[in-house]
Amino acid sequence: MSQIDAVSRPEPRGGLLKRIERWLEGALFGHRTATALIFAVLTVALGWSALGLRPDASFEKMIPVHHPAIANYLTHEDNLRGLSNVVRVVVENRKGDIFDPAFQEVLRKVNDEVFYIPGVDRAGMRSLWTPNVMWGEVTAEGFEAGPVIPDGYDGSPPAIEQLRRNVFRSGEVGTLVANDLRSALILVPLMERDPDSGERLDYARFASDLEEKIRARYASDGVDIRIVGFAKVIGELIDGAVPILGYFVLTLALTAALLLWYSRCLRSTLTTLLCCLIAVVWQLGIVRLLGYGLDPYSILVPFLTFAIGISHAVQNINTTANAMLDGADRVEAARRSFRTLFVAGTVALLCDAVGFATLLVIRIGVIQELAISASIGVAVIIFSKMFLLPVLMSWTGVSPAAIAHARRRREHLSWLWRAVAACARPRPAQAVTLAGAALLAVGLWGARGLQIGDLDPGAPELRTDSRYNRDAAYLVEHYTTSTDVFVVMAETPPQGCRDYQVLAGMDLLAAELERVPGVQRSVSMSDFAYRVLAANNEGNPKWYAISRNKYALGGAFQKTPKEYIGNGCAMTPLVVYLNDHKAATLAAVMATVRDFAARHDSDKVRFTLVGGNAGIEAATNEVIRDADHTMLLLVYAIVAVLLLIEFRSLRVTACIVLPLYITSVLCEAIMAWMGLGVKVATLPVIALGVGIGVDYGIYIYNRLQSYLDHGHPLAEAYLLTVATTGRAVAFTGLTLAVGVLTWIGSAIKFQADMGLLLTFMFLWNMVGALVLLPALARLLLPAAPPAVQAPLSKPVPQP
């Protein structure tokens with residue numbers, strides 16, 4: 001047996017795992033046909049299940065429902081829906097202003113069309129054509145008011161002139177009407193669940209309806225339609241995920257080409273690809289059976305399942321080819337491959353699963369589903385790669401060309417690989433360790449600028465020049481009222497919102513908030529109290545104040561729009577409009593409200609968080625901030641425990657984990673330099689990188705230890721390791737990187753960002769395992785004891 005590929009560790013280190021390994025080996029290879037048939041039946045069944053997968057997205061899954069502020073929002077969701085999960089449909093007149101009969105007819109039709117789209121909270125819709133949008137003024141006869149669209153409107157010049165007066169009297173310029181009067185918007189709140197059936201809103205269908213029934217039907221040379229809102233972002237992400245199938249095919253082709261180049265064996269390449277595709281089918285089928293769908297954030301998990309499967313299967317091809325080179329037949333070569341890789345591969349895959357499972361500590365539905373989906377993917381790889389692949393390889397073996405290629409690799413080691421192997425010698429080890437320390441310092445310095453949340457306006461998940469972000473930029477430019485809404489809730493006893501102290505407190509809070517950088521303005525019931533009380537007294541500015549007279553306040557209450565008064569007058573929203581939803585802005589607003597509440601809460605009123613799309617995002621940022629380091633510590637702690645169980649050495653564990661940590665820190669620095677915040681879309685990257693990256697170190701050290709156990713000194717043992725497993729690890733890192741690098745071309749920016757970050761992590765983890773791990777082993781591990789066993793007879797590969 002070759003000293004390079006057929007060495008296994010002495011029996012005492014095996015214990016229970018070795019006994020399990022022997023039992024499984026006998027069961028699998030003693031019943032090969034039955035094993036293959038069982039896998040075939042399960043693949044057909046789970047493949048049928050996978051066909052039922054549909055795009056899945058939910059507003060509730062994107063928010064941390066356990067967060068106290070979000071719990072407050074859900075309690076008052078019916079009152080706050082129009083300020084949180086909202087779509088804005090903007091209808092623009094390209095050839096004039098909104099006071100055009102033809103344009104108003106288009107606006108009316110769009111309003112009516114939107115009204116009947118399933119999922120719309122019709123009672124909360126607001127536009128010039130909804131009866132809840134009113135104008136009002138004080139005249140000598142008293143208050144006069146009416147709908148903005150005048151009764152009997154017929155598009156005639158007098159009707160248009162009346163509409164013009166009503167629009168200006170309504171105060172909706174800058175809110176429902178653009179400042180330049182060239183467009184008007186329809187505010188469309190959504191219901192997360194159908195009130196009759198209880199079914200969740202189908203965001204993919206809703207976004208498609210907006211495109212087909214609104215934009216496609218009414219956009220023309222004279223009219224442009226612009227649509228923004230959470231539902232539209234999800235629609236864009238789902239549409240952008242459709243080409244993912246093309247990227248998967250591209251990844252498959254590139255992987256096949258690289259695998260064929262590495263192995264020089266078509267049969268083992270096809271067998272490996274088949275097993276990895278089976279893993280993907282199983283993963284999708286099980287996800288479907290568990291009742292999950294494919295949301296835009298977990299759509300990339302099948303890529304990772306396939307890539308992880310390939311990374312482990314490369315070791316099987318490598319070991320099988322060398323076993324056959326040593327004279328073993330196909331069955332014996334497959335058995336040797338199983339024995340050599342079962343323990344190391346299982347521990348490595350468990351570490352992968354741990355990396356994904358730690359995402360469960362982040363109590364946000366979409367991240368938890370990603371964690372479950374990815375963990376399932378790793379679990380099925382254990383079966384397809386550890387059990388099915390060796391059985392299939394016992395029939396196919398490898399081609400003579402692959403055996404000849406293995407012989408050339410064994411007999412010749414290029415200068416590059418000898419330079420890598422030199423990292424296990426004293427002086428190079430010191431230099432490499434110092435370089436690693438320097439990179440760690442650079443990463444820690446760069447990671448200081450890493451922020452939580454969005455750092456860009458619009459939807460950072462999409463490209464800057466995407467249709468959605470252009471539409472969002474239009475609203476920011478042409479409307480006074482921002483699309484970033486933060487809501488503070490003033491909670492009182494029933495009918496308590498008309499109390500002077502409540503309104504005065506809201507007014508004082510509004511004044512403090514408007515001094516916070518990034519806050520545009522605020523609107524609450526207190527603002528209407530000012531206006532109504534002054535209007536009731538002939539507009540005298542002396543009366544522009546909040547009266548202590550409850551009867552006067554009662555009059556103001558009657559003329560306040562219902563969206564600023566909760567049911568039963570027990571919750572009154574203070575609506576704060578922000579310049580953007582950047583992390584720093586949201587954090588400052590949250591801190592101001594909490595500080596104010598600590599000073600002013602009483603039995604009559606409590607100022608609580610949070611509502612509005614910006615407020616919900618602020619709470620989400622807090623959950624991610626609190627869970628970020630917890631998740632990272634947890635993944636490293638559990639990986640370290642598994643490594644301790646496998647190798648029973650703190651020093652060995654440090655040798656494997658430290659390169660991973662350096663890569664994680666460098667990844668955070670790159671995120672800061674790229675202007676990427678830590679958020680729902682980017683947080684999983686680091687856990688994924690650690691979970692997959694630890695595979696390299698496990699395979700490298702597992703083989704290195706086998707040579708050390710046979711009495712080889714460290715430098716020579718690592719040279720032998722590099723000649724075999726090291727090459728396979730390098731190829732694995734390259735293959736993984738190529739697979740995710742294809743994502744960079746995605747129309748969805750967060751997918752492209754994930755592709756870039758994962759490419760970096762896969763490559764750097766590979767470099768760390770090949771270069772830094774042996775250097776740390778030289779410095780940390782004790783000197784080898786005298787050989788317990790004579791070195792094997794095969795020579796060290798020659799240059």
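Analyst: Let us start with a loop: Arg648 is found in the loop between helix 22 and helix 23 (650-674), helices being DSSP runs of H or I with at least four residues and strands runs of E with at least two, numbered from the N terminus. This is a predicted model, in which local features need pLDDT of at least 70 and side-chain atom pairs count only at pLDDT 80 or more, while totals for chains, interfaces and linings use all residues. Residues are numbered from 1 along each chain as its sequence is written, and side-chain values use heavy atoms, with hydrogens and water left out.

User: What is the phi of Arg648 near, and is Arg648 buried or exposed?

Analyst: Phi of Arg648 is near 55°, a positive value in a residue other than glycine. Arg648 is exposed because its relative accessible area is 61%, where buried means under 20%, exposed over 50% and partly exposed in between (1.4 Å probe, protein chains only). Arg264, in the loop between helix 9 (244-263) and helix 10 (266-289), also has a positive phi, near 60°, but counts as partly exposed at 32% relative accessibility.

User: How should I read a strand, and which way do the residues of strand 5 point?

Analyst: In a regular strand the side chains alternate between the two faces of the sheet. Here Val223, Ile225, Ile227 and Gly229 point one way from strand 5, and Asp224, Arg226 and Val228 the other way. Since 7 of the 7 residues of strand 5 (residues 223-229) are buried, the strand is largely enclosed by the rest of the structure. Strand 5 pairs with strand 1 (residues 86-93) in the antiparallel sense over 7 bridges, pairing being called if DSSP finds at least two bridges between two strands; Ile225 in strand 5 is the bridge partner of Val91.

User: Which residues touch the most other members of the largest nonpolar core?

Analyst: In soluble globular proteins, nonpolar side chains tend to be buried together. A nonpolar core is a set of buried Ala, Val, Leu, Ile, Met, Phe, Trp, Tyr and Cys residues joined through side-chain atoms within 4.5 Å. Of the 262 residues in the largest one, Val89, Val110 and Phe486 touch the most other members, and helix 13 (residues 365-396) gives the most to this core, with 17 residues.

User: Where is the cis peptide bond at Val610?

Analyst: The cis peptide bond joins Leu609 and Val610, with omega about 10°, and Val610 has its place in strand 9 (residues 606-611).
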